[in-house]
Amino acid sequence: MKRALITGITGQDGLYLAELLLSKGYEVFGLIRGQNNPKFSLVQREVPGVKLLTGDLTDISSLLRALKASQPDEIYNLGAISFVAYSWENAEVTSDVTGKGVLNMLEAVRLWAGDDLSKVRFYQASSSEMFGKVQDVPQRESTLLWPRSPYGVAKVFGHYMTINYRESYGMHASSGILFNHESPRRGPEFVTRKITQAVARIKLGLQDKVVLGNLDAQRDWGFAGDYVDAMWRMLQQPTADDYVIATGETHSIRELLELAFSYVGISDWSELVEQDPRFMRPAEVDLLIGDPSKAREVLDWKPSVSFAELIRMMVESDLAEQSASAKR
Ligand code: F7E
């Protein structure tokens with residue numbers, strides 16, 4: 001039985017990845033942060049097979065303890081402060097967790113494995129935010145990185161540190177450059193879920209309008225369930241490498257609104273959406289569109305859920321959730 005350790009187990013990707021690995025017969029350990037973390041019960045409810053260990057990416061001795069307790073064959077480093085907008089106001093803590101946390105994890109793995117580094121494989125959750133002010137369209141593994149937020153800068157640090165451990169120590173360390181990926185489990189601070197939740201609430205008469213920032217940004221949005229499968233595939237390769245994981249399609253926030261409202265029968269949404277500078281970013285990433293051909297060729301990976309199916313899935317889930325909580 002293979003053993004896996006997942007950091008960031010409480011997030012959308014942690015939950016999907018844990019389900020995937022459990023279904024493949026892995027023993028799955030999840031690292032969870034803090035005292036009396038309210039998400040402890042969420043993980044236990046959603047993925048009851050996961051064994052939770054406490055630890056923090058900013059505390060290397062806690063990482064060493066988690067590695068000793070779990071003895072993993074595979075490590076998936078998904079833990080991060082992941083909300084881009086938050087990172088301008090909290091640049092230092094974002095750098096510590098999202099950036100230096102990767103170094104702490106890599107170094108803990110090296111110390112724990114000692115002479116036997118080949119016994120373990122490492123996945124780093126890199127991000128399309130690293131492309132920022134994009135230098136190629138579409139973006140691929142070789143595209144120059146030009147991050148536009150403290151979050152993006154921190155992810156670049158983690159990405160290059162992962163490559164550096166691979167090149168310096170021969171560690172089987174892969175970096176997945178994942179474009180935006182969403183699901184009904186997405187936090188409501190991110191634009192897809194903010195919109196699908198608001199659309200459901202507007203339809204049910206629980207909310208009047210939704211207040212957003214820049215409607216012209218374009219993103220390459222895929223389904224998180226597909227993307228965790230790509231992570232696993234990377235670690236099954238004989239050699240470690242970096243891969244762009246994306247759909248190869250891009251859509252604006254306006255298109256997202258159009259689609260989400262259409263699923264509840266609303267064709268004119270102009271009065272239901274307001275823009276507020278509060279939700280504008282100091283520097284925006286205007287256009288993301290990934291080229292996933294390397295992942296398709298080497299990993300035999302391709303997305304199974306289209307943009308339209310993804311938004312429909314999220315609107316339907318929010319309608320069900322909102323009408324259930326309105327009845328309570
Ligand atoms: O914003 C615009 C916003 O917060 C998408 C994270 O998972 O993906 C995610 O980062 C776009 C931006 O995601 C609102 O300005 C307009 O252009 O959903 P988001 P993100 O920043 O792209 C990458 C790959 C990651 O790695 C990150 O961890 O939508 N936008 N109005 C808005 N965004 C938000 N959140 N809220 C608004 O009201």
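**Ground rules.** I number residues from 1 along each chain as its sequence is written, and side-chain values use heavy atoms, with hydrogens and water left out. As the model is predicted, local features need pLDDT of at least 70 and side-chain atom pairs count only at pLDDT 80 or more, while totals for chains, interfaces and linings use all residues.

**Sheet.** I took helices (H or I, at least four residues) and strands (E, at least two) as DSSP runs, numbered from the N terminus. Two strands pair if DSSP finds at least two bridges between them. On that basis I found an open sheet of 7 strands, in the order 3-2-1-4-5-6-11. The pairing is parallel. Strand 3 (51-54) and strand 11 (242-245) are the edges, and each pairs on one side only. From one strand to the next, the twist averages 20 degrees.

Strand 6 (residues 172-178) and strand 11 run parallel and are joined by 4 bridges. S175 stands opposite D242 in strand 11.

**Helix 8 on the sheet.** I counted contact as heavy atoms within 4.5 Å. Axes are lines fitted to C-alpha atoms, for helices over the stretch in contact, and angles run from 0 to 180 degrees between N-to-C directions. Helix 8 (residues 224-235) lies across strand 4 (74-77), strand 5 (121-127), strand 6 and strand 11. I read its angle to strand 6 as about 155 degrees.

**Helix 1 with helix 8.** The two axes come within 9 Å and cross at roughly 60 degrees. The crossing of helix 1 (residues 12-23) and helix 8 is right-handed. I use right-handed when the near helix is turned clockwise from the far one by less than a right angle, and left-handed when anticlockwise. Helix 1 brings Q12, D13, Y16, L17, L20 and L21 to A224, G225, V228, D229, M231 and W232 in helix 8. I sorted this contact by class into 8 nonpolar, 2 polar and 2 charged residues. Ala, Val, Leu, Ile, Met, Phe, Trp, Tyr, Cys and Pro count as nonpolar, Asp, Glu, Lys and Arg as charged, and the others, Gly among them, as polar.

**Helix 5 with helix 6.** The axes of helix 5 (residues 91-113) and helix 6 come within 8 Å and cross at roughly 15 degrees. That makes helix 5 roughly parallel to helix 6. Angles under 35 degrees count as roughly parallel, over 145 as roughly antiparallel, 65 to 115 as roughly perpendicular and the rest as oblique. This crossing is right-handed. Among the residues that meet, I noted L103 and L106 in helix 5, and F157 and M161 in helix 6. The contact holds 11 nonpolar, 6 polar and 4 charged residues.

**Helix 7 with helix 11.** Helix 7 (residues 191-203) and helix 11 (residues 307-327) have axes that come within 8 Å and cross at roughly 50 degrees. That makes helix 7 oblique to helix 11. I logged the crossing as right-handed. The residues that meet include R193 and R201 in helix 7, with D318 and E321 in helix 11. By class I have 5 nonpolar, 4 polar and 5 charged residues here.

**Domains.** The bounds come from an automatic or database domain assignment. That assignment gives domain 1 as 3-181 + 223-245 and domain 2 as 187-219 + 249-291 + 304-327. Their C-alpha centres lie 27 Å apart. I found 20 residues of domain 1 in contact with 17 residues of domain 2.

**Backbone.** Most residues other than glycine have a negative phi, and most peptide bonds are trans. I looked for departures. V137 and P138 are joined by a cis peptide bond, with omega about -5 degrees. P138 sits in the loop between strand 5 and helix 6 (150-169). N36 is not a glycine, yet has a positive phi of about 50 degrees. I placed N36 in the loop between strand 2 (27-32) and helix 2 (39-46).
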